[in-house]
Amino acid sequence: MAATPLDLLQNNFGKSYSNWLYLASRGEYFSPLITQSEHKSLSRELTFPRDLDLNLYADKTIIDNYLEQLAIQLSDDLKKHNFGAKTISTKIRYSNFQRATKDKTISFSDSYVSNHLEILNLARYCLDKLPKKLPIRLLGIRASHLVSVSAENNNKEKNKQQQQLLLQLGIKRE
């Protein structure tokens with residue numbers, strides 16, 4: 001590549017890309033090194049040791065236990081980075097490797113989730129909405145539309161938001 005003339009590269013790859021190829025192949029292209037980036041989302045997923053059927057009671061229990069583990073891990077990740085999430089997504093990969101995802105966004109403008117029980121309830125809600133056509137081999141939960149959360153959250157306001165969210169989803173607090 002380094003020996004290829006620039007005009008030949010431009011004829012085959014266009015001006016912009018060929019200029020980059022020409023310089024990069026000679027070690028002459030210097031772009032800034034970006035060492036940090038902003039999180040857009042956080043997620044956790046798990047591939048099962050065997051395919052699990054969403055229609056079988058025994059497998060549903062196993063799946064729900066894994067979902068709870070993922071919710072706890074994701075909650076810990078959110079807390080570690082001082083984030084709350086406006087959207088929770090559940091992802092599954094079927095035994096034929098097709099994927100399906102369902103999202104739930106919190107409609108209250110100043111609300112977010114970070115507690116594992118909140119995440120778990122939203123993940124369950126999303127999982128219930130996904131087609132149960134084939135056994136699944138992978139399960140994942142993603143938190144997106146992240147908001148920065150200070151450690152000094154007003155607990156009364158947070159509890160009020162949690163109650164509103166649970167009511168919106170039709171979930172009774174136990």
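Phe13 sits in helix H1, which spans residues 6-13. This is a predicted model. Phe13 also belongs to a nonpolar patch on the surface. Elsewhere, 4 strands form an open sheet, and helices H3 and H4 lie against strands of that sheet.

**The surface patch**

- Five names make up the nonpolar patch: Phe13, Tyr17, Trp20, Leu23 and Tyr29.
- Together these residues have about 490 Å² of accessible area.
- Helix H2, residues 15-25, gives the patch its largest share, with 3 residues.
- Phe13 has a relative accessible area of 42%. Phe13 therefore counts as partly exposed, because that class lies between under 20% for buried and over 50% for exposed.

**The sheet**

- The strand order is E1-E4-E2-E3, and the pairing is antiparallel.
- Strands E1 (41-52) and E3 (99-105) stand at the edges. Each has a single partner strand, so one side of each lacks a neighbour in the sheet.
- On average, neighbouring strands of this sheet are turned by 15° against each other, direction ignored.
- Strand E2 covers residues 83-94 and is joined to E3 by 7 bridges. The two strands run antiparallel.
- Ile88 stands opposite Lys104, a residue of E3.

**Helices on the sheet**

- Helix H3, residues 57-80, lies across E1, E2 and strand E4 (136-148).
- The direction of H3 is at about 155° to E1.
- Helix H4, residues 116-129, packs on the sheet and touches E2, E3 and E4.
- The direction of H4 makes about 35° with that of E2.

Conventions: Residues numbered from 1 in each chain as written. Predicted model: local features only at pLDDT ≥ 70, side-chain atom pairs only at ≥ 80, totals over all residues. Heavy atoms only, no water. Patch = residues over 30% accessible without salt bridge, like charges linked within 9 Å, V, L, I, M, F, W, Y side chains within 5 Å. Areas by Shrake-Rupley, 256 points an atom, 1.4 Å probe, with all protein chains shown as cover. Salt bridge = Lys/Arg side-chain N within 4 Å of Asp/Glu carboxyl O. Buried < 20%, exposed > 50% of the residue type's maximum accessible area, 1.4 Å probe, protein only. Pairing = 2+ DSSP bridges. Axes fitted to C-alpha atoms, helices over the stretch in contact; angles between N-to-C directions. Contact = heavy atoms within 4.5 Å.
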